[in-house]
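Dear colleague,

Please find the structure below, together with its sequence.

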Amino acid sequence: MTDHDQQPSTSVPPRLLIGKSHNGENATAQRLAMNRTGSFEWDVRTGTVDMDDAGLLVFGLDPQTFDSRAETVLDRLEQSERTRLEMAIDEAVKSGRSSYSVHFQVPLDDGRDQWTHIQARILRSDDGQAHRVIGVVQDATAEVTHSAFVLDLEKRRQRQTSIVERTTSALSRAVTVDDVTAALTGPGGLARLGADGLSLGLVENTTLSVIALSGDSVEAIDALGDAGLDRRFPLADTVLSGRPRFLTSASALTHRYPVLTPYADRLKFRAAAYLPLVAQARSLGTLALFYRENTSFNADERNLCLGLAAIVAQSLQRAKLFDEEREFATGLQSAMLPRRIQEIEGGEIAVRYHAAWSGRQVGGDWYDVIALPKNRFGIVVGDVQGHDTHAAAIMGQLRIALRAYAGEGHPPSTVLARASRFLAELDTDRFATCTYAQVDLASGTVRVVRAGHFGPLIRHMDGRVGSPQVRGGLPLGISTDFGDEEFPETRLDLVPGETLVLYTDGLVEEPGTDIDSGVQALINEVSAGPAGAQALADHLSDQLWERWGSGDDVALLVLRRSPDPGSPRAPRLHQYIHQADPEGLSDARTIVRQALTDWEMAELADDAELVTGELLVNVLLHTEGGAVLTLEVLPEPVRRVRLSVQDRSSAWPRRRSPGETATSGRGLLLLDAVATRWGIEPRGEGKAVWCEIGPSVPPVATPPPAAKQV
C-alpha cells in the first residue's frame with residue numbers, strides 16, 4: 001500500500017486517543033471498539049506502547065495480558081509485513097516528517113488476513129529528535145476490499161472497452177466476407193474478442209454454412225459443422241429464434257441440445273455464448289464464442305457479447321454488399337473479354353486475366369487475339385484508366401472497336417489512330433494504353449505499335465530475354481486530343497522457338513519500388529520459366545501477380561512460335577540478333593560453337609564461328625535492322641554445316657578488291673576461302689546470305705561402259 005504523509009484526525013481529544021480504559025465500559029472505547037478503531041501512544045525512547053482496548057482488539061491482542069511492549073505488537077505480524085511497517089516508520093522518523101500513514105496485514109486467529117491502517121503523528125523535542133508517537137489504528141479490511149472491488153470493476157470495464165475498440169478497429173478494415181473471417185480467426189483474432197474459441201455461421205438462401213472456425217468450438221467437431229438449419233443444433237436454433245443463448249457449462253449445453261450428448265467428452269470449453277447476427281432486421285447468421293474459464297455471463301458480460309455480435313453483423317452486411325457489387329463488376333469485365341482464344345498455326349498463345357484481390361479494383365485491362373487475312377493475326381494487350389465499372393464498360397467498347405479496325409486490314413499504326421479517335425469521341429475523360437502487333441508466324445514477322453504502354457519482351461531460344469526498342473505514341477484518347485495520332489511501327493523477327501510476352505502494369509508494379517524493378521523481376525521470371533506458352537503464363541502469374549499483393553488487375557498474353565529443331569540427324573537452330581544489342585554478335589558466335597560441339601561437329605566450329613562474325617557484322621553495319629541466324633546440318637550425302645544470315649535489306653553484297661591497308665571489303669573473299677560453297681537468295685522483303693562448311697560432296701562415279709559381247 002502507498003504511504004501518505006497525513007495529519008491524524010484531531011476531532012477526538014488527545015486524552016481519549018491515548019487514554020486506556022481500565023474498566024472497559026468507557027463510552028468512547030465502546031464506540032471505537034464497535035468501529036474497530038483504537039488509539040495508541042508510543043514512547044520511542046522506552047519502546048512502550050499505551051493502547052486502548054479497541055486498538056488491542058484490532059491487533060487481536062488480549063487487553064488483560066498485553067505487556068505494553070511495542071515488540072509484542074510487532075510479533076503479531078508476518079515477517080514481510082513487519083519489515084514493511086518498520087521501514088515506513090523508520091523512514092518517517094529519520095526524514096524529519098511529522099506524521100506517517102501505512103496499510104499492512106494482520107493475521108487473525110481464524111486464519112483470515114485483516115487489512116490494518118495506522119495513521120500517526122510524530123512529536124519531536126527541541127533538537128528535532130522523535131520522542132513520542134500518537135495515532136489511530138483501524139481495521140481497514142472493508143475499505144481495502146471495496147477499493148479492490150472498484151479497481152477490479154474498473155479493470156474489467158477497461159478490458160471490455162479494449163475488446164470492443166480492437167474488434168471494431170480490425171473489422172473496420174475488412175472489405176470482403178473473407179476479410180471479416182480473417183480478422184476474426186487470424187493472428188490475434190480470439191485475443192481481440194477475449195474468447196478461446198469461435199464459430200461463425202452465415203445464412204445463404206435457406207442454408208446455414210459455417211464459414212469460420214477458430215480455437216475450441218462445438219462446430220469444430222467432425223460432422224457438426226454441416227448441420228445446416230437444424231434446430232436441434234445451437235447455431236441454427238439461434239438463427240431461427242433470433243435470441244441469444246448464454247450457457248455457463250458444457251452440461252448446460254448438452255441439456256439444452258441433447259443431440260450433442262455423445263460429444264460431451266470432446267468439449268474443451270466451460271461456457272458458450274450463441275449470438276444472433278442481425279442487421280437492418282435481417283438475420284445474417286450466428287456468432288458463437290467459447291470460454292475455457294468459468295463464466296457467469298453477468299449483465300456487463302452479456303452486453304459485451306451482444307455488442308460484439310452487432311459489430312460483426314454490421315461488418316458482414318457491408319462485406320456481403322461489397323462482394324455482390326464486386327462479383328457483378330468482375331462478371332461484367334469477364335463477359336467483355338474473349339471467351340476462347342483461337343488456335344494458331346505454327347505457334348501457341350496463352351492469355352491470363354486476374355482481377356485485383358483488394359478494394360473495388362475492377363479495372364479496364366484487356367487482351368485480344370484477332371484473325372487477319374493471309375493467315376496473319378493481331379494480338380493486343382491494353383489498360384483503360386481507372387478501376388471501376390465505368391473503366392470496364394469503356395474497355396469493352398474500345399476492344400470491339402479496335403478489333404473491327406484491325407479486321408478491316410489496316411496497318412497497325414492506322415488501327416491505333418482510329419481507336420484513339422473512337423475513344424476521344426466517347427467523351428469519357430478516360431484514356432487507355434495498349435500495345436498492338438500484327439503477326440505472321442510463317443515468316444516470323446511481327447509489326448508492333450505502342451500507345452503509352454509497355455513494349456513486348458522476347459525470350460530467345462537460349463533463355464535470354466530481350467526488351468526490343470519499340471517506338472511509341474501517346475495513350476489512346478490523349479493522342480487525339482493533342483492532335484498527335486502518330487504511332488510509329490517497329491518490325492521484329494520472331495524466330496522458331498522464341499516467345500513474345502505482352503503485359504499490363506499490374507504484373508510489374510511492386511508496392512514501394514519503382515517500375516523498373518518490377519520489369520526486371522518480370523524479365524528474370526520469363527527467362528527462368530518453362531518454355532511452353534501455357535506453362536510460362538501460369539509461372540508468371542504465380543511468381544509475380546501474387547507476389548506483388550495483387551493490388552491491380554492484370555492482362556497477360558504469351559505467344560510462342562513453334563520451335564524448328566530439325567531432325568536428330570539434321571538438327572537446326574535459329575537466333576535473332578537485334579541491331580541495338582551490343583552483346584548479340586558475341587552471343588551468336590558462342591551459340592554456333594556450342595551447337596556444333598553438341599552435334600559432334602566441333603572440328604568445324606572455328607570456321608563456322610569466323611563466318612558467323614563476318615556475315616553478321618556486314619548486316620549490322622550496312623542495313624537498318626537486325627538479322628536472323630540459321631544454323632543447320634545437311635546430312636546427305638556427307639554431313640556438312642549450312643549457315644544462313646537473313647536481313648531486310650534488298651541490297652546485295654558486292655565483291656571488292658581491297659588494298660593492303662583497307663579495313664573492310666574482305667567478307668566475300670573470306671567466304672570463298674572458308675566455305676565449300678556459298679550464295680545469296682531473295683527472301684520476301686530482304687535476302688539471305690548462306691554458306692556451307694565441311695567436306696566437299698564427292699562426285700558421283702560414272703560406271704564404266706559394259707564390255708561388248710562377242
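**The sheet and its helices**

Five strands form an open sheet in the order β22-β23-β24-β26-β25, with antiparallel pairing; strands (E, at least two residues) and helices (H or I, at least four) are DSSP runs numbered from the N terminus, and two strands pair if DSSP finds at least two bridges between them. Because β22 (572-577) and β25 (677-683) stand at the edges with a single partner strand each, one side of each has no neighbour in the sheet.

This is a predicted model, in which local features need pLDDT of at least 70, side-chain atom pairs count only at pLDDT 80 or more, and totals for chains, interfaces and linings use all residues. Residues are numbered from 1 along each chain as its sequence is written, and side-chain values use heavy atoms, leaving out hydrogens and water.

Strands β23 (residues 627-634) and β24 (residues 640-647) run antiparallel and are joined by 7 bridges. Glu632 has Arg642 in β24 as its bridge partner.

Helix α17 (residues 584-598) lies across β22, β23 and β24 and runs at about 175° to β22. Contact means heavy atoms within 4.5 Å; axes are lines fitted to C-alpha atoms, for helices over the stretch in contact, with angles from 0 to 180 degrees between N-to-C directions. Helix α18 (residues 605-622) also packs on the sheet, where α18 touches β22, β23, β24 and β26 (686-693).

**A helix pair**

Ala521, Leu522, Glu525 and Val526 in α15 meet residues of α16, among them Leu536 and His539.

Yours sincerely
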